[in-house]
Amino acid sequence: PPPAPPRWPPPWPLDPRAAARAASRPRLPPPPPVAPSARAAACRLAEQRPPPAAPPSPPLARPPAPRRPSQPHGPPSPPPPPSPPPPPSPPQPAAPAPPPASPPPRPLPPPPPPEFLDPCLSYGRRCRLKYEDGFESGYLDEAKWNIEVRNDGIRGDGDEEQFYVRDGVEVSGGKVHLKLYYDSSRTSAQRARCNADELRYSTEPAGRSICERSAARHPTGFFSGRINTKDKVEVLHGVVEARVKLADRNDYSWSAFWALGTQVGSRGWPFCGESEITEMWTTSTQWSKWKDGVGDAMRPAFTLHSYHSVPGDFAAARANKQAWVSYNEGAYADGTYDPHGYNDYRWVKMPNKIAWFVNERPVAEAWNGGGQVRMRIHNGRWWGGEFGDGLWAPFDDPRNPMFLIFNLAFGSGVSLGGAKDINRFRKNGELDRASMEYVRVWEVAS
């Protein structure tokens with residue numbers, strides 16, 4: 001190989017004299033080439049030789065041609081006759097028409113969120129579901145409900161116009177309906193038999209029972225419905241939940257879903273205690289004597305009725321019960337309810353406390369303030385100031401659990417301040433109705 005070129009520039013500066021001496025030296029001839037070994041030459045020759053060719057594949061064999069049958073000598077045979085067409089298939093019977101599709105089952109309401117599966121947990125209690133009714137059977141379960149039949153006018157011995165009859169209660173479409181209607185023939189009254197005395201309501205001081213007063217009162221032609229759970233479903237401490245639509249289309253209608261103490265049969269009202277879960281008047285006449293909107297048309301309200309002091313003689317006190325009653329009332333805040341539709345109500349009754357909710361919103365709460373009723377109302381944004389009147393005793397008395405009432409009254413002159421004009425409604429047919437979709441009663445277990 002040729003000599004390597006000198007490194008230039010050199011890695012460090014050379015002395016000029018040493019450079020001159022190096023340039024004057026004679027160059028040595030290149031060494032002779034080294035002959036490759038025999039093994040290396042054989043390897044190089046093998047690399048240059050082409051790979052051997054693959055042996056040729058044998059040619060594909062052609063399949064033998066099919067042998068033709070030998071033909072006899074003579075004219076060709078005639079073609080075979082055509083095969084006859086297949087016989088027509090017999091007509092098939094028409095498939096039966098599918099049965100009409102049944103209407104899909106009515107969907108159940110969505111389950112409550114987990115925190116409300118037991119509504120007592122937020123109060124530090126455990127509850128069990130004591131009673132539930134979705135009214136799907138098409139009839140009212142009279143093992144849990146009583147249908148009242150009475151014509152005493154309830155308030156003020158004949159103040160209200162309706163006659164409560166069984167025809168005023170209807171179960172259909174998964175709901176129980178209370179119907180207010182007018183019937184000039186009064187046929188509902190002819191087959192009605194008063195049962196209020198059997199329900200052990202209180203006897204008035206005059207000595208006449210409810211059914212005696214009912215028999216003495218001539219039917220007005222207005223009929224309606226009222227049901228209760230007395231002696232069947234009662235609650236001392238627990239929670240009541242219900243989806244209710246109050247009557248909303250007829251003037252002077254007054255529907256309510258409420259609770260009354262079972263001692264109404266022995267002590268009478270108001271000493272048994274009363275609490276409206278919800279009630280509403282559909283009237284243009286306002287209650288000027290009440291505050292907080294109670295009595296306003298198309299505005300649901302709640303109440304907690306008690307008494308001022310313990311009378312020495314309950315029978316004598318009932319003769320002048322209005323002098324003993326204490327009213328604690330309020331109205332639901334605007335925007336929390338639909339006055340023309342269904343609303344979900346929850347009424348919580350715990351030791352020393354009662355609370356009202358509508359559509360999962362707080363409405364009001366009451367508590368035992370040293371033996372006295374104390375309350376406050378939520379206006380939709382914040383809680384108002386405290387107020388209250390009367391004794392707390394009837395609401396925690398273990399001898400006085402409360403039962404539920406659902407009713408539709410009509411034309412109370414006492415409630416409307418005496419202003420009443422009902423003659424314009426004397427037309428046969430339904431005037432109004434209140435409905436309930438479901439009810440649940442929870443009872444405190446621990």
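This is a predicted model: local features need pLDDT of at least 70, side-chain atom pairs count only at pLDDT 80 or more; totals for chains, interfaces and linings use all residues.
With -80 degrees about the S-S bond, the link between cysteine 120 and cysteine 127 is left-handed. The sulfur atoms of cysteine 120 and cysteine 127 sit 1.8 Å apart in their disulfide, and both cysteine 120 and cysteine 127 are buried.

How many disulfides does a search of the whole structure find? The count is 2. Cysteine 194 and cysteine 211 form a disulfide too, with an S to S distance of 2.1 Å. The torsion about the S-S bond of cysteine 194 and cysteine 211 is about -80 degrees, so this disulfide is left-handed. Cysteine 194 belongs to the loop between helix 3 and helix 4 (210-216), while cysteine 211 is in helix 4 itself, so the pair ties together parts 17 residues apart in sequence. Cysteine 194 has a relative accessible area of 18%, and because buried means under 20%, cysteine 194 counts as buried. Cysteine 211, at 16%, is buried as well. If you number the bonded cysteines in sequence order, the pairing reads 1-2, 3-4. Another cysteine to look at is cysteine 272, buried with a relative accessible area of 0%.

From here, let us turn to the backbone. Tryptophan 269 and proline 270 are joined by a cis peptide bond, with omega at about 10 degrees. Where is proline 270? You will find proline 270 in the loop between strand 10 (253-261) and strand 11 (274-282).

Phi angles give us two further stops. Arginine 186 is not a glycine, yet its phi is positive, at about 60 degrees. This arginine 186 lies in the loop that runs between strand 5 (175-182) and helix 3 (187-190). Is arginine 186 buried or partly exposed? Its relative accessibility is 22%, so arginine 186 counts as partly exposed. Aspartate 231, also a residue other than glycine, has a positive phi near 65 degrees. Its place is the loop between strand 7 (226-228) and strand 8 (234-235). With a relative accessibility of 45%, aspartate 231 is partly exposed.

Now step back to view the whole protein. Its secondary structure comprises 5 helices and 21 strands. Of the 446 residues, 43% are buried. Among contacts with a separation of 6 or more, 74% come from residues 24 or more positions apart. Finally, the accessible surface comes to about 25800 Å², and carbon and sulfur atoms account for 58% of that surface.

Note on methods:
Residues are numbered from 1 along each chain as its sequence is written. Side-chain values use heavy atoms; hydrogens and water are left out. Helices (H or I, at least four residues) and strands (E, at least two) are DSSP runs, numbered from the N terminus. Buried means under 20% relative accessible area, exposed over 50%, partly exposed in between (1.4 Å probe, protein chains only). Contact means heavy atoms within 4.5 Å. Accessible areas come from the Shrake-Rupley method with a 1.4 Å probe; for residues, only the protein chains shown count as cover. A disulfide is a pair of cysteine sulfur atoms within 2.5 Å.
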